[in-house]
Amino acid sequence: MAEYKKTIGIEIHTELKTKTKIYSNSVNGYGKTANSNVNVVDLGYPGTLPTLNMEVIRLALKAALILNCEINRDMHFDRKNYFYPDLPKGYQITQAETPIGVNGYVEIEVNGEKKKIRIHDIHIEEDTCKSIHYKHHSFLDFNRAGVPLVEIVTEADMHSSEEAMAYVEKLRELFLYADISDCKIEEGSMRCDVNISVSKTSELGTRAEIKNIGSISNIGRAIEKEAARQIALIENGKEVEFATYRYDEKQDETVIMRVKEAGNDYRYFPEPDIPFVEIDDELIAEVKKTIPMLAGERRERYVAAGISLLNANKIIQNRNLSNYLNKFLDSGINLVIASNLLLGDISAYLNKMGTELENTKLTDEKFIDLVQKLDKGDINSKVFKDILDDVMEKDTTIDEIIASKGIKIINDPSALKTIISNVLESNSASVTDYKNGNTRAIKFLMGQIMKETKGSANPELVNKLLEEELNK
Amino acid sequence: MSKYLDLSIVEINKLLKEKKIKPLDLVLEAFDRIEERKDLNAFITLDKERAIMKAKELEDKEVDNLFFGIPIAVKDNIVTKDLRTTCASHILDNFIPIYDATVVEKINDCHMIIVGKTNMDEFAMGSTSQTSYFGAPHNPWDVQKVAGGSSGGSAACISARLVPLALGSDTGGSIRQPSSYCGIVGMKPTYGRVSRYGLVAFGSSLDQIGPMTRNVYENALLLNVLVGRDDRDLTSSHKEKEDFTRLIGEDIKGMRIAVPNFFVKEDIVSSEVLNKLHEVIELLEKNGATVEYVDIDYIENAVTLYQIIAMGEASSNLARFDGVRYGYSVEDPKGIDELYALTRGNGFGDEVKRRIMVGSYLLSGENAKIYYNKALQIREAIRESFLKVFEKYDLIIGPNATTTAYNLGEGLDDPLKTFLDDILVIPVNMAGLPGMNVPMGFGEGHLPIGLQIIGNRFDEALMYKLASFVEKELDLELNPLEVR
């Protein structure tokens, strides 16, 4: 018997990170006192008119370019008319006829296989206000009304929950890196609607829409649950209803919200209050310049520099660290050491102090100096740990910090040779072990030497000299 | 009672400067006149207390411009901070705005004093002001007649000399037609000339605010104040400010004037109106202007296009009146659907509901393509045809209305009649051009007949030149009280 095939399309609404709203000069901010970022335009008062925030156009254009879209050069806005209490004007100003970008794609990778998910379009629109229901009352918070959004609509190109999750994760990573949106699914700055149908044949089944799924892992679960529900219906000879669902995390199932009426009539027409916007080569070139190196390229470069894939991904998850590391991509320093420092002691320090890199005294020069000293063995990781607080908190150079701590690095081979001879003499059993082929004994001996020098010996040099001595 | 308000703005300004009168004298006189002509029902809301207060405040200020201390009336679809703005609708009859329209800021900056808000058709939908929730205004030339619409209250209060200045709005003739019926000067500027911010939207791509005054010169002066780019209205033009009075009084010799054949069709325009038009044409030719007849493509379809575009846009623009945030809201509705249905059902009048329904239908499903998009295309063709005429001619003239003002109560049961009344004024809105009315005579019952002057985009100054010539040559007595 043929297997059921899932067909999945995803619509994602993402709030753009702008200073002000899209059609008014109210502040675009999350988590403020209800109805504090609001003016008469946001409230849809009579006689008010929309303005157009060009920052929104630039960010949306950036998003469209990242999604490999064709750009609609002569672009306008449309009104989508419907009644709902969260819609102050009785219409939403959106783009129906001329979305800023069309026919794009996003490349995902699932189980080592690469795949292009086609983007039908990306368009600009305004968010509605937020309804809060309490007992039998409803309250409206207009802070969100007019917050700029882009909606990204895929073709129905995904066929598994893994692909769907990979797509959303990829889109999130792209937008985060390009500084387009916060992409906080939990706070609602990124909202995912999933359309899913199942079929055994090439003919698509009736789809269900699962609205506003609250996390990427829930997208996977919701798809599996909904697919199972649809398959069970079909197997029992029933029909799948064209309807809208939400995913209930506690019950781990999709719950029906409303049955869709065929042909929703939004009475779209071109917004007469906003003239056409021309997107010219100059603007496109200007916006292209603002696209930073994206996650995919970062990963490739990190791995090429010898950083493990695991560590590369860890750095990419933290855009600040990644941006910091990127400053040194072409500096010639050892990026493996640099990435280890950033992920290890430096991250620990930042977490402990609850601060960010840019708020510390770690200058680029100091960072380069540190990495080089570690690389050459001028200092070792123990010394590094000892001086870290000073490095982060003082204006002085690394050399000055080392000097002030009274730390001397023993780089003199003859001095080291004496210490090594002494250690070998008092640990003759280990020397015998080594000579009998137990190579691990060398680590013990190294440790003893470091202990003897209180960690101030150049480890590479010690290693070299020790091997020479043992192999004599 | 003093008679300062019969003087010209320039004369009043001189008296104010010489401290012979105070702004308070003007304001009190205006309210006396308004009180005396309450029968005209020209105003929906008066703002006497604050007007007096403002007039007193002005006593300490320098008379710094021609409009200083002059009383002005504002159409009730233009929002005024702290002053009720109803759009002549039940749904807004408790609406007190917390912000001023851009034009209101401008008139306040010149220290004009707003005396009140004028009566109009509900949401400017009508041609007689009879769809007003507050009853129709009357025509000062004959109180049995309509004042026209939708800016009927503004036209009536200028005609009756209650105040010297008023603001109107024109979506499909709503400044020019009542100006014609009431014998005053009214200008609908080029679309984009005057900011629409604070004008309660009817047909957004057509709406334009304009000045309504006793004479041409004062109209041009008031337009000087109203124009200019406003960043709050993206459709407002970046055109530099200019002095619209600058060509007034110049010789019209050599002017090339076109008359659309459609404007002189005998089955459309009444003979008394046509006769006056022909007299004016003769006058112009005698004074060295050339007048020729032209065809304008699709001009006969303008009313149909207007119905599609204006009603489509209106159905969307009026969606915000839902009883949630401001205005009338039905008490204790059972759920949101009932809140909408009863608030809008009780709040809007019949004509508004009719237009919302037709507009919604026109934008519904495939209809948007069949009707709205098609209408936009033909509208573009009309515009191009007009612009072609302006390649050869300086101005276009014709009548503003097919007849003089008709009886109150007439045509109320005929929704199409009011549109056909506007057959001569609507093409101008379709093309986004400036159009104005200047009185050109009187018909039966001594009712005013108006001349329409249409200019190329941003050519208002040239229109004022011709209008002032006609005004001066005809030298009509335009104060109904003087005639009686």
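Analyst: Two residues are in contact if their C-beta atoms, placed from the backbone, lie within 7 Å. The model is predicted, so local features need pLDDT of at least 70 and side-chain atom pairs count only at pLDDT 80 or more, whereas totals for chains, interfaces and linings use all residues. Residues are numbered from 1 along each chain as its sequence is written, and chains are lettered from A and ligands numbered from 1 in the order in which they are written.

Chain A is divided into domain 1 (5-281), domain 2 (293-404) and domain 3 (413-470), with bounds from an automatic or database domain assignment.

Chain A as a whole contains 15 helices and 16 strands (DSSP runs numbered from the N terminus: H or I of at least four residues, E of at least two). Because its radius of gyration is 30 Å, well over the 23 Å that the globule rule gives for 472 residues, chain A is more spread out than a compact globule (the radius is taken over C-alpha atoms, and the rule is 2.2 Å times the number of residues to the power 0.38). The C-alpha trace of chain A spans about 90 × 60 × 50 Å along its principal axes.

Within chain A, helix 6 (residues 309-317) packs against helix 8 (residues 335-353) at an angle of about 60°, the axes being 11 Å apart. Helix 6 of chain A is therefore oblique to helix 8 of chain A (under 35 degrees is roughly parallel, over 145 roughly antiparallel, 65 to 115 roughly perpendicular, the rest oblique). Asn311(A), Lys314(A) and Ile315(A) of helix 6 contact Ser339(A), Leu342(A) and Leu343(A) of helix 8, a set of three nonpolar, two polar and one charged residues. Elsewhere in chain A, Asn68(A) has a positive phi of about 60° although it is not a glycine; this residue is found in the loop between helix 1 (54-66) and strand 2 (70-71) of chain A.

The contact between the chains takes 33 residues from chain B and 26 residues from chain A. On the side of chain B, the elements giving two or more residues are helix 9 (302-317), helix 10 (336-347), helix 11 (350-363) and helix 12 (367-392). Helix 9 of chain B gives the most, with three residues. By class, this side of chain B has 16 nonpolar, nine polar and eight charged residues.

Inside chain B, the axes of helix 2 (residues 23-36) and helix 3 (residues 48-58) come within 8 Å and cross at roughly 160°. Helix 2 of chain B is therefore roughly antiparallel to helix 3 of chain B. Pro23(B), Leu24(B), Val27(B) and Phe31(B) of helix 2 meet Lys48(B), Ala51(B), Ile52(B), Ala55(B), Lys56(B) and Leu58(B) of helix 3. This contact has eight nonpolar, no polar and two charged residues. Chain B also has a cis peptide bond joining Gly149(B) and Ser150(B), with omega about 10°. Ser150(B) lies in the loop between strand 5 (142-146) and helix 5 (152-159) of chain B.

Methods:
Axes fitted to C-alpha atoms, helices over the stretch in contact; angles between N-to-C directions. Nonpolar A, V, L, I, M, F, W, Y, C, P; charged D, E, K, R; others polar.
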